[in-house]
Amino acid sequence: MEIMATSVTPTQMIGGKTAGLMAVTLTQLGLWILTIGVGLAIALPFIEDAPVIRMPWGLLGMVLVYFLPAYGLLAGMMIAVGGAVDEARHGQAVSGPLTLPFVLPIMLMPVMLSNPGGAVAVALTLFPITSFLTVTLRMGLAQVPFWQMVASWALLAASAALAIWLAGRIFRLGMLRYGQRLELRQILAALRDERSAAVEA
């Protein structure tokens with residue numbers, strides 16, 4: 001651990017950790033999809049009047065495109081929480097409320113069903129934390145304007161990169177203050193001092 005911590009930057013370490021977790025998740029999803037596909041291929045010939053199943057490849061591709069940065073954003077947030085707390089129970093207490101906004105589109109599903117192109121749907125589409133689920137739900141209901149999808153994905157990708165960068169800085173600060181719980185003002189002060197040092201250099 002010491003060799004790793006001294007040979008790579010915090011952002012590289014956290015980025016590698018996020019990429020590894022993402023690869024594991026995608027492998028698991030791929031195995032599930034493969035298992036379902038093989039099962040259907042074997043079972044359908046023996047079922048009379050079996051329905052023709054057409055895969056919505058466009059929707060699945062768009063889900064994957066949004067999933068990657070959304071996962072990076074969530075992973076960055078969770079790693080930042082883990083680097084800021086000194087005990088697992090403190091991290092669990094903070095991570096719960098942080099993940100709640102990710103499922104906000106499901107809670108507001110009735111609003112989007114009544115008006116898929118309304119202000120609420122557009123706001124949730126552009127807000128990075130809710131964009132993944134919102135775009136997925138809206139694509140199943142109506143046509144999502146192209147500019148909204150481009151803008152929401154760009155905001156989501158930028159937020160994911162920022163979250164991973166901040167997680168690296170918080171992780172580094174947490175290692176320097178091992179055993180101490182970091183407060184928000186300490187994190188902001190450390191980031192401000194680091195930015196000032198970079199500007200002076």
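## Valine 135 and its surroundings

Valine 135 lies in helix α8, where helices are DSSP runs of H or I with at least four residues, numbered from the N terminus. Residues up to four places away in sequence aside, valine 135 touches Tyr66, Thr125, Met149 and Ser152; contact means heavy atoms within 4.5 Å. With a relative accessibility of 2%, valine 135 counts as buried. The term buried means under 20% relative accessible area, exposed means over 50%, and partly exposed lies in between, with a 1.4 Å probe and protein chains only. The C-alpha atom of valine 135 is separated by 8.8 Å from that of methionine 62, although the two residues are 73 residues apart along the chain.

## Basis of the model

This is a predicted model, in which local features need pLDDT of at least 70 and side-chain atom pairs count only at pLDDT 80 or more, while totals for chains, interfaces and linings use all residues. Residues are numbered from 1 along each chain as its sequence is written, and side-chain values use heavy atoms, with hydrogens and water left out.

## The chain as a whole

The protein chain contains 10 helices and 0 strands; strands would be DSSP runs of E with at least two residues. Along the sequence, the pattern is α-α-α-α-α-α-α-α-α-α. The chain has 201 residues, of which 28% count as buried.

Among contacts in the protein chain with a separation of 6 or more, 68% are between residues 24 or more positions apart. The chain exposes about 12,700 Å², and carbon and sulfur atoms supply 70% of that area. Accessible areas come from the Shrake-Rupley method with a 1.4 Å probe, and for residues only the protein chains shown count as cover.

## Packing of α7 against α8

Two packed helices are described by the angle between their axes and the distance between the axes. Helix α7, residues 119-126, packs against helix α8, residues 128-141, at an angle of about 125°, and their axes are 5 Å apart. The angle makes α7 oblique to α8. Angles under 35 degrees count as roughly parallel, over 145 as roughly antiparallel, 65 to 115 as roughly perpendicular and the rest as oblique. The axes are lines fitted to C-alpha atoms, for helices over the stretch in contact, and angles run from 0 to 180 degrees between N-to-C directions.

On the α7 side, the contact is made by Ala121, Val122, Leu124, Thr125 and Leu126, and on the α8 side by Pro128, Thr130, Ser131, Thr134, Val135 and Arg138. The residues of this contact divide into 6 nonpolar, 4 polar and 1 charged. In this division, Ala, Val, Leu, Ile, Met, Phe, Trp, Tyr, Cys and Pro count as nonpolar, Asp, Glu, Lys and Arg as charged, and the others, Gly among them, as polar.

Threonine 134 is found in helix α8 and is buried, with a relative accessible area of 0%. Beyond its neighbours within four places in sequence, threonine 134 is in contact with Pro105, Met112, Ala121, Leu124 and Thr125.

Serine 131 also has its place in helix α8, and its relative accessible area of 0% makes it buried. With neighbours within four places in sequence left aside, serine 131 contacts Tyr66, Leu124, Thr125, Ser152 and Leu156.

## Nonpolar cores

A nonpolar core is a set of buried Ala, Val, Leu, Ile, Met, Phe, Trp, Tyr and Cys residues joined through side-chain atoms within 4.5 Å. The largest such core has 12 residues, namely Tyr66, Ala70, Leu73, Met77, Phe102, Ile129, Val135, Val144, Met149, Leu156, Ala160 and Ala163. Helices α3 (57-84), α8 and α9 (146-176) each supply at least two residues of this core. A second, separate core has 8 residues, including Met13, Ile79, Ala80 and Ile164.

Phenylalanine 67 is placed in helix α3 and is buried, at a relative accessible area of 15%. The C-alpha atoms of phenylalanine 67 and leucine 156 are separated by 9.9 Å, with the residues 89 apart along the chain.

Methionine 78 is likewise found in helix α3, but at 25% relative accessibility methionine 78 counts as partly exposed. From C-alpha to C-alpha, methionine 78 and alanine 167 are 8.3 Å apart in space and 89 residues apart in sequence.
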